[in-house]
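Me: I would like to go through the charged side-chain pairs in this structure. Could we take them one at a time?

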Amino acid sequence: MIASVRGTVTATGPDHAVVEVGGIGLAVQCAPGTLAELRVGQPARLATSLVVREDSLTLYGFADDDAKQLFELLQTASGVGPRLAQAVLAVHTPDAVRKAIANADTAALTRVPGIGKKGAERLVLELRDRIGPVPVGPDGAAGVTAGAWPEQVRQALVGLGWTAAQAEQAVAAVAETVDGATPPVPVLLKQAIRLLGRTR
């Protein structure tokens, strides 16, 4: 029903932003990476998905239409509601989710809080044929580029409340520990959070 919103960001919280559209402030639930892109007082456009329940109307917001479409697709799997679908996209990029499902990488999927081994297997089984094109790297392997992780970790840290300077320092420190194959973004993010002295 509400496919997108465009307006001025009037407030942000740990898990949502308020976007004023035509004099009405809409509360939009967003993942940390999306929140990191928003600035209070600045215009923004979010792709949105309205989830209707008997006792609530909840608007979920995404940086682009691709993330929104994947959010809606994830919910077609058994046992996946909007909060879990958003958690998946908070931990992984849309491309990483597609890669994990296409390659039956249950280890990657179980890094999402709330998804166990059986849940990951169910996601693969139910969505593998419907997940869409999987990005292919220069070596022919499906996946996102290793160079993309610093920006993802930086955005997540800012979304979690650290300053851009603190996030930059933590990313630089984590980068020094990466040798050879790049670990998954959630692992790198946890490392950065540990370095900044906060456990989650």
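Me: Is Glu151 buried, partly exposed or exposed?
Reply: In this predicted model, Glu151 is partly exposed, at 39% relative accessible area.

Me: Which residue forms a salt bridge with Glu151?
Reply: The partner is Arg154, and the closest N and O atoms of the two are 2.5 Å apart.

Me: Where do Glu151 and Arg154 lie?
Reply: Both belong to helix 7 (residues 149–159), where three residues, about one turn of the helix, separate them.

Me: What other salt bridge does Arg154 form?
Reply: Arg154 also pairs with Glu168, with 2.9 Å between the closest N and O atoms. This pair links distant parts of the chain, 14 residues apart, since Arg154 sits in helix 7 and Glu168 in helix 8 (residues 164–177).

Me: And how accessible is Glu168, buried or partly exposed?
Reply: Glu168 counts as partly exposed, with a relative accessibility of 40%.

Me: How far apart are Arg98 and Asp95 in helix 4?
Reply: They are three residues apart in helix 4 (residues 94–102), so about one helical turn separates them.

Definitions and conventions. Residues are numbered from 1 along each chain as its sequence is written. This is a predicted model: local features need pLDDT of at least 70, side-chain atom pairs count only at pLDDT 80 or more; totals for chains, interfaces and linings use all residues. Side-chain values use heavy atoms; hydrogens and water are left out. Helices (H or I, at least four residues) and strands (E, at least two) are DSSP runs, numbered from the N terminus. A salt bridge is a side-chain nitrogen of Lys or Arg within 4 Å of a carboxyl oxygen of Asp or Glu. Buried means under 20% relative accessible area, exposed over 50%, partly exposed in between (1.4 Å probe, protein chains only).
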